[in-house]
Amino acid sequence: MKYRKLGKTGIEVSEISLGTWQVGGKWGSGFNDALAEQIINEAIDDGVNFIDTADVYQAGASEAAVGRVVKSRSEEVFVATKCGRQINPHINGGYTPEVLRKYVEDSLKNTGLECLDLIQLHCPPTEVYYRPEIFELFDRLKDEGKIKNLGVSIEKIEEGLKAIEYPNVKTVQIIFNMFRQRPLGLFFEQAKKKDIGIIVRVPLASGLLTGKFSQDSTFDEEDHRNFNRDGAAFDKGETFSGVPFNVGLEAVNELKKVFPDRESLAPIALRWILDFPEVGCIIPGASKVEHLNSNINAAKLPPLTKKEKVAVNDIYEKYIKKHVHQLW
């Protein structure tokens with residue numbers, strides 16, 4: 001495993017880290033504590049030292065599993081969680097320092113940790129980024145020894161640019177992959193200038209970039225890839241990166257021509273992200289140990305060639321850009 005500095009947090013994190021949205025099983029399958037602990041332990045065995053979770057993942061079960069495993073290990077493992085998505089309705093007015101403080105304290109209890117390495121605002125409404133009192137709260141929580149670092153998880157470039165105006169924001173979690181390339185412009189430029197740690201989520205576009213889906217693919221009723229394609233439950237950019245499923249399949253077929261004879265495109269898609277030095281780490285999910293191993297092996301691949309990078313960009317321009325570029 002290779003490690004990179006996560007911006008001005010100063011911590012060195014594994015290039016391939018672990019996201020735990022579906023760590024206890026596939027979307028819609030319920031939560032399997034034993035499976036979750038197996039995957040998290042295997043990740044740490046393989047050198048992963050940064051684990052991302054959230055208080056709303058499986059109603060807190062994911063967060064609790066992360067805490068149990070990390071406390072049982074002797075290695076230094078950094079835990080990142082998130083707060084804010086429990087607010088219902090999820091609107092600007094629901095965000096108050098008092099509400100967020102309670103969520104942070106609840107996460108400390110749920111994980112059993114004395115201090116959170118990173119707490120992230122969990123994709124709040126855009127208006128929240130224009131409220132200094134929300135961000136000031138986390139300075140107080142840091143002074144109290146409850147958190148070490150503050151970050152944000154964002155949907156839109158605008159939100160990321162606004163967030164990093166606050167000096168206590170040290171990381172930004174963002175969707176960035178072959179099908180979501182807009183961050184490469186102004187956002188990466190400003191993040192580098194301000195030494196912001198970039199955490200990449202949805203690196204495989206909800207599985208589209210594995211190359212294993214077809215027109216006949218179906219998804220569980222409780223799977224967001226079934227019910228959220230038009231944003232019925234949350235931002236549709238979280239599902240297939242906002243790319244219409246059929247369009248994504250067309251683009252993936254073109255990618256397979258660029259990278260022939262590969263059982264899965266997933267390692268290539270992850271390697272493409274790692275080729276950008278601005279990225280601190282990627283947090284792909286894993287509902288099976290085999291998925292975890294595949295993700296980790298991506299870091300061992302050589303960088304893509306210039307010709308391959310041009311081909312990926314051409315496919316983005318031809319198939320994907322008009323559907324996603326200006327929306328997020």
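**Figure 1. The lining of the largest cavity draws on a strand and a helix.** In this predicted model, strand E8 (169-175) and helix H11 (306-324) each supply at least two residues of the lining of the largest cavity. The volume of this cavity is about 80 Å³. Which residues are the closest to its centre? Among the 13 residues that line the largest cavity, these are Ile175, Arg180, Arg182, Pro183 and Trp328.

Figure 2. Look for Met178, Leu209, Leu255, Phe259, Leu265, Ile268 and Ala269, which line the second largest cavity. How many of these lining residues are nonpolar, polar or charged? Seven are nonpolar, while no polar and no charged residues take part.

Figure 3. About 190 Å³ is the volume of the second largest pocket. Its lining includes Arg85, His90, Cys123, Pro124, Pro125 and Thr126. Glu155, Lys156, Glu159, Ala233, Phe234 and Asp235 also line this pocket. The lining of the second largest pocket divides into five nonpolar, two polar and five charged residues. Keep Arg85, His90 and Cys123 in mind from this lining, as you will meet them again below.

Figure 4. Strand E6 spans residues 118-122 and contains His122. Is His122 buried or exposed? With a relative accessible area of 10%, His122 is buried, because buried means under 20%. Leaving out residues up to four places away in sequence, His122 touches Ala54, Val56, Tyr57, Lys82, Cys83, Arg85, His90, Tyr95 and Ser153. Two of these contacts, Arg85 and His90, also belong to the lining of the second largest pocket.

Figure 5. Cys123 lies in the loop between E6 and helix H4 (132-143), and its phi is near 50°, a positive value in a residue other than glycine. Ala59, in the loop between E4 and H2, also has a positive phi, near 55°. Which of the two is buried and which is exposed? Cys123 is buried, with a relative accessible area of 6%, whereas Ala59 is exposed at 77%. Now find the peptide bond that joins Asn88 and Pro89: this bond is cis, with omega about 0°. Pro89 has its place in the loop between strand E5 (78-83) and helix H3 (97-111).

**Figure 6. Aromatic rings pair up in this model.** A search of the whole structure finds 15 aromatic pairs. One of them is formed by Trp21 and Tyr57, a stacked pair at 6.2 Å centre to centre with 15° between the planes. Why does this pair tie together separate parts of the sequence? Trp21 lies in the loop between E3 and H1, while Tyr57 lies in the loop between strand E4 (50-52) and helix H2 (61-72), so the pair links parts that are 36 residues apart in sequence. Trp21 is partly exposed, with a relative accessible area of 27%, but Tyr57 is buried at 11%. For another arrangement, see Trp272 and Phe276: their pair is edge-to-face, 5.0 Å centre to centre, with 70° between the planes. Both Trp272 and Phe276 are buried. Together with Phe176, Phe187 and Phe188, these two residues are linked by ring pairs into a cluster.

**Figure 7. The buried residues of helix H10 line one face.** Helix H10 covers residues 289-297, and its buried residues are Val289, Leu292, Asn295 and Ile296. Seen down the axis of H10, these residues fall within an arc of 120°, so they line one face of the helix. What do the buried residues of H10 pack against? Their partners are strand E3 (18-19), helix H1 (33-45) and helix H9 (266-274).

Notes
Residues are numbered from 1 along each chain as its sequence is written. This is a predicted model: local features need pLDDT of at least 70, side-chain atom pairs count only at pLDDT 80 or more; totals for chains, interfaces and linings use all residues. Side-chain values use heavy atoms; hydrogens and water are left out. Buried means under 20% relative accessible area, exposed over 50%, partly exposed in between (1.4 Å probe, protein chains only). Helices (H or I, at least four residues) and strands (E, at least two) are DSSP runs, numbered from the N terminus. The arc is that of the directions from the helix axis to the C-beta atoms. Contact means heavy atoms within 4.5 Å. On a 1 Å grid over the protein atoms alone, a cavity is a set of points where a 1.4 Å probe fits but cannot get out, and a pocket is an open set with protein on both sides within 12 Å along at least five of seven lines; lining residues have an atom within 4 Å of a point. Grid points are joined across faces, edges and corners, and a volume is the space filled by probe spheres set on the points. Ala, Val, Leu, Ile, Met, Phe, Trp, Tyr, Cys and Pro count as nonpolar, Asp, Glu, Lys and Arg as charged, and the others, Gly among them, as polar. Rings of Phe, Tyr and Trp (its six-membered ring) pair if their centres lie within 6.5 Å; planes under 30 degrees apart count as stacked, over 60 as edge-to-face and the rest as tilted.
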